[in-house]
Amino acid sequence: MLQINENYLNLKQNYLFSEVAQRTNKYINEHPDKPIIRLGIGDVTKPLTKKTIEALHDAADHMSKTETFKGYGPEQGYDFLRNAVVDYYKKNNVDIEMKEVFISDGAKSDTGNITDLFGPDNIVLIPDPVYPVYMDTNIMNGRNIRFMDANKENGFTPMPYDGLEADIIYICSPNNPTGAAYTREQLKVWVDFALEHNSLILFDAAYECFIEDDTPHSIFEIEGAKKCAIEFCSLSKTAGFTGTRCGYTIVPLELVFKTSNGSEMSLNSMWTRRQTTKFNGVPYVIQYAAAATLSEEGIKECKENIAYYKENARIIASVFEKKGITYFGGKNSPYIWFECPNGMESWDFFDYMLNEIQVVGTPGAGFGANGNNFFRLTAFGSRENTIEAVNRIDKLLS
């Protein structure tokens, strides 16, 4: 008799953003004459930059000629892109080796797939609220999940405490969904904790491109992190690759852990083995474009788009400042995480906004119990829609 993975029974019936889409589409079907403004899912709206598009066209031409055609590529990524990532890290004074860079189709895939490397009995520490993929992929594996409270009192940047047990620690900074970012000093505390307890930090840096102060772009800016951390990043928000799909994961060569029989295993070697077995690599055309995007000119173009979204974030945050409503993010982050007015629960506030002003956001409860009275808006809309949404919210909260 077939035995299925019954851990799936422990998952919520709908993925958060599927539920948001279902409620929104139901409203649209019932009210086709009322225009909706979507500031919920963190999808970009600015097109790919000139440098990226030119490279895509060039790479497509390469595929049309025998001399430059590419078939199967290396599962870890082409050297030209891996070296471009190495150079990108150098801009933040972080030295990594090409062998530590793995190209993927995005941080979402790798933050979930990385769990293949770890035994089932690890204690997994996840912040609440949290990006759903961290929790759901570990539920699918039946792991022992524990939560650390991220809340208004600690600025949604929870820290280690006496008696804390954790083998695998998820940290996202700047954070999705809260927009909060760890300081250099705070990350040093986490790195020291992981080193002391022989733990591993899974660090999601997907939004590092929005940082505008001394906040670390990479956990590898912290001394000792290469011995206790894997970092995930993506071009989705950096360069608008949400539909083009390209990211990268850094697995340091120094990550070596003992097995139950006392031998040692390298996580870099394990991830190489995993990828060569289960992954065929990102298409050459996409990687070629990604390398152009990480060039000096490409980064300059991307920063223009990022500045556009950051101004959107400032515009959204301004309405909550005006109303005296507690919020997080908006700086170093494309997300604004605010407290629902009048003690409303987030799904009730979602329906309230949808029905009253036709603005769609993301209920904080979908990210965990600590998000129940919070709500997330994204800065990835058009400027016109962002301003209109803020005007509607301003009137709603008057």
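Colleague: Let's start with helix H11, residues 346–357. Which strands does helix H11 lie across?

Modeller: In this predicted model, H11 lies across strand E12 (335–339), E14 and E15. H11 runs at about 50 degrees to E15.

Colleague: What is the order of the strands in that open sheet, and how are they paired?

Modeller: The open sheet has four strands in the order E11-E12-E15-E14, and the pairing is antiparallel.

Colleague: What makes E11 and E14 edge strands?

Modeller: Strand E11 (327–329) and strand E14 (362–363) each have a single partner strand, so one side of each has no neighbour in the sheet.

Colleague: How do you know that E14 pairs with E15?

Modeller: Pairing needs at least two bridges. Two bridges join E14 to strand E15 (residues 374–378), so the two count as paired. The strands run antiparallel, and Pro363 stands opposite Phe375 in E15.

Colleague: Now the rings. Why is the pair of Phe156 and Phe374 called edge-to-face?

Modeller: Ring centres have to lie within 6.5 Å to pair, and planes over 60 degrees apart count as edge-to-face. For Phe156 and Phe374 the centres are 5.2 Å apart and the planes stand at 80 degrees, so the pair is edge-to-face. Phe156 sits in the loop between strand E4 (144–149) and strand E5 (168–172), while Phe374 is in strand E15, 218 residues apart. Phe156 and Phe374 are both buried.

Colleague: And what makes Trp337 and Phe367 an edge-to-face pair?

Modeller: Try the cut-offs again: 6.1 Å centre to centre is within 6.5 Å, and 70 degrees between the planes is over 60, so this pair is edge-to-face too. Trp337 is in strand E12 and Phe367 is in the loop between E14 and E15, 30 residues apart.

Colleague: Are Trp337 and Phe367 buried or exposed, and how do you know?

Modeller: Buried means under 20% relative accessible area. Trp337 has 0%, so Trp337 is buried. Phe367 has 2% relative accessibility, so Phe367 counts as buried as well.

Colleague: Which residues form one aromatic cluster with Phe17?

Modeller: Phe17 clusters with Phe156, Phe328, Trp337, Phe367 and Phe374. The whole structure holds 26 aromatic pairs.

Colleague: Last one: how do helix H2 and helix H9 pack?

Modeller: H2 (residues 50–62) and H9 (residues 284–293) pack at an angle of about 145 degrees, with their axes 8 Å apart. The crossing is right-handed. By class, their contact has 10 nonpolar, three polar and two charged residues. Residues in the contact include Leu56 in H2 and Ile286 in H9.

Methods. Residues numbered from 1 in each chain as written. Predicted model: local features only at pLDDT ≥ 70, side-chain atom pairs only at ≥ 80, totals over all residues. Heavy atoms only, no water. Axes fitted to C-alpha atoms, helices over the stretch in contact; angles between N-to-C directions. Left-handed = near helix turned anticlockwise from the far one by under 90°. Contact = heavy atoms within 4.5 Å. Nonpolar A, V, L, I, M, F, W, Y, C, P; charged D, E, K, R; others polar. Phe/Tyr/Trp six-rings, centres within 6.5 Å; stacked < 30°, edge-to-face > 60°. Buried < 20%, exposed > 50% of the residue type's maximum accessible area, 1.4 Å probe, protein only.
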